[in-house]
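Keep the sequence and the 3D view open side by side.

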Amino acid sequence: MGSAYIAGVKAGSTETVATVARHFPGIGSADRLPVFEVATIQDAPEAMAQKSLPPFLTVTRGRPSNLTGQPVRTDALMSSHMRYTAYQPTGSGRVPPLGLSPALSMLIEEQGLETW
């Protein structure tokens with residue numbers, strides 16, 4: 001659905017409107033409403049790889065659109081401001097949201113997005 005939306009925005013605006021894929025690497029199983037406090041996603045790395053990361057990987061890899069046949073790629077990723085036990089150590093002390101953590105850079109490299 002994300003690819004179709006991006007393709008529609010690009011085609012309808014003749015490439016003049018930018019798109020942003022939000023909340024990388026996903027917010028599906030947050031333990032609380034993130035508008036009130038920093039939420040934590042406690043999914044295992046395997047679960048994140050299966051259900052949360054694929055939509056972001058699809059819209060950054062530039063697969064051809066069914067609408068235009070042209071590669072569809074988002075213009076930007078917005079990182080989530082939540083904690084992810086799959087990517088961040090949960091020892092004693094405060095764990096910053098992923099967007100403020102060095103773990104975000106490691107995740108981007110691990111998923112092959114650093115050149116994107």
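α1 (2-12), β1 (20-24) and α2 (45-61) each give at least two residues to the lining of the largest pocket. Helices (H or I, at least four residues) and strands (E, at least two) are DSSP runs, numbered from the N terminus. The model is predicted: local features need pLDDT of at least 70, side-chain atom pairs count only at pLDDT 80 or more, and totals for chains, interfaces and linings use all residues. Residues are numbered from 1 along each chain as its sequence is written, and side-chain values use heavy atoms, with hydrogens and water left out.

The lining of the largest pocket has 14 residues, and G2, A21, R22, F56 and V59 lie nearest the centre. A pocket here is an open set of points on a 1 Å grid over the protein atoms alone, where a 1.4 Å probe fits, with protein on both sides within 12 Å along at least five of seven lines; lining residues have an atom within 4 Å of a point. The space in this pocket is about 290 Å³, a volume filled by probe spheres set on the points, which are joined across faces, edges and corners.

Now the whole chain. The protein has three helices and six strands. From the N terminus, the order is α-β-β-α-β-β-β-β-α. Along the principal axes, the C-alpha atoms fill a box of roughly 50 × 30 × 20 Å.

Take contacts (heavy atoms within 4.5 Å) between residues at least 6 apart in sequence: 60% join residues at least 24 apart.
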